Amino acid sequence: KPAGLVVHPAPGNPDGTLVNALLAHAGDDLPGIGGVKRPGIVHRLDKDTSGVMVAAKTERAHRALSEAFAARDLDRAYLALAWGLPQPLQGEVSAPIGRHPVDRKRMAVVDRGGKPATTRYAVKRGWGTAVSLVECRLLPGRKHQIRVHIAHIGHPLVGDPVYLRRTPAAARSLPATQREALLAFPRQALHAATLGFRHPVTGKSLSFESPLPADLATLIALLDSNTQ
């Protein structure tokens, strides 16, 4: 799924969604699979998160895949560019997530009324202490979980329009060209990189990878440069 593509039709996005594309691709085979409003949809990604998804083309596949996601019997890894350098470099954030008590459009780590959520992370690369490429795995998977948890430990994602509330102090250590490019990045720098699961009929282990999209790859290439 490219960044900018909404998964489900909604009042603000009645068409041009992933569901519309699936219906156009599969014709009359999909309606009703998983529900009228969610034909074939097993899981979702936020509008501006890119990466690999799986959709079911039969009710049997939908049921089996939904059970696998519910039981966490699959392998999902995300890559994110985060401000700063998380310490330790590998760890786990376990904190319940619910609606923000004041801003109901946001999610937050909450003391009461939230759902259990755990994010395991590992720093794959770092550019000084300014920016990190972080791999994240979810247990289980709540709305905005990676964005909320990584921001909760003080390292919001680059470009996040919701959870990056101010210019991070870490940005000051970057050369101007790199700093300006990261601060201007127009979406959360989050990508669903891998998805592995058992085939819903044969039981065979399957694994799929989605390479980094051009916008994230370009940003990383800029960080690797010595531009001043």
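## A walk through the buried interior

Start by selecting Asp-160, which sits in the loop between helix H3 (145-152) and helix H4 (176-183); helices (H or I, at least four residues) and strands (E, at least two) are DSSP runs numbered from the N terminus. You are looking at a predicted model, where local features need pLDDT of at least 70, side-chain atom pairs count only at pLDDT 80 or more, and totals for chains, interfaces and linings use all residues. Residues are numbered from 1 along each chain as its sequence is written, and side-chain values use heavy atoms, with hydrogens and water left out.

Is Asp-160 buried or exposed? Asp-160 is buried because its relative accessible area is 2%; buried means under 20% relative accessible area, exposed over 50%, and partly exposed in between (1.4 Å probe, protein chains only). Show its surroundings, and beyond the neighbours within four places in sequence you will find contacts with Arg-147, Arg-187 and Gln-188 (contact means heavy atoms within 4.5 Å).

Next, select Ile-150. Setting aside neighbours within four places in sequence, Ile-150 is in contact with Ala-82, Tyr-121, Cys-136, His-155, Pro-156 and Leu-157. Now bring up the largest nonpolar core, which has 22 residues; Leu-18, Tyr-78, Ile-146 and Ile-150 touch the most other members. A nonpolar core is a set of buried Ala, Val, Leu, Ile, Met, Phe, Trp, Tyr and Cys residues joined through side-chain atoms within 4.5 Å. At least two residues of this core come from each of helix H1 (18-26), strand S2 (75-83), S6, strand S7 (131-139), H3 and strand S8 (190-198). Another core, of 19 residues, lies apart from it and includes Val-131, Leu-174, Leu-216 and Leu-219.

Move on to Thr-119 in strand S6 (residues 118-127). Thr-119 counts as buried because its relative accessibility is 0%. Which side chain does the side chain of Thr-119 join in a polar contact of 2.8 Å? The partner is His-149. A polar contact is a pair of N or O atoms within 3.5 Å; within protein, one must be able to donate a hydrogen and the other to accept it, and residues adjacent in sequence count only if both atoms are side-chain atoms. For a distance check, pick the C-alpha atoms of Thr-119 and Gly-91: they are separated by 8.5 Å, with the residues 28 apart along the chain.

Finish at Arg-76, in strand S2. The side chain of Arg-76 makes a polar contact of 3.5 Å with the side chain of Tyr-78. Beyond residues up to four places away in sequence, Arg-76 touches His-43, Phe-69, Cys-136, Arg-137, Pro-140, Gly-141, Thr-194 and Leu-195.
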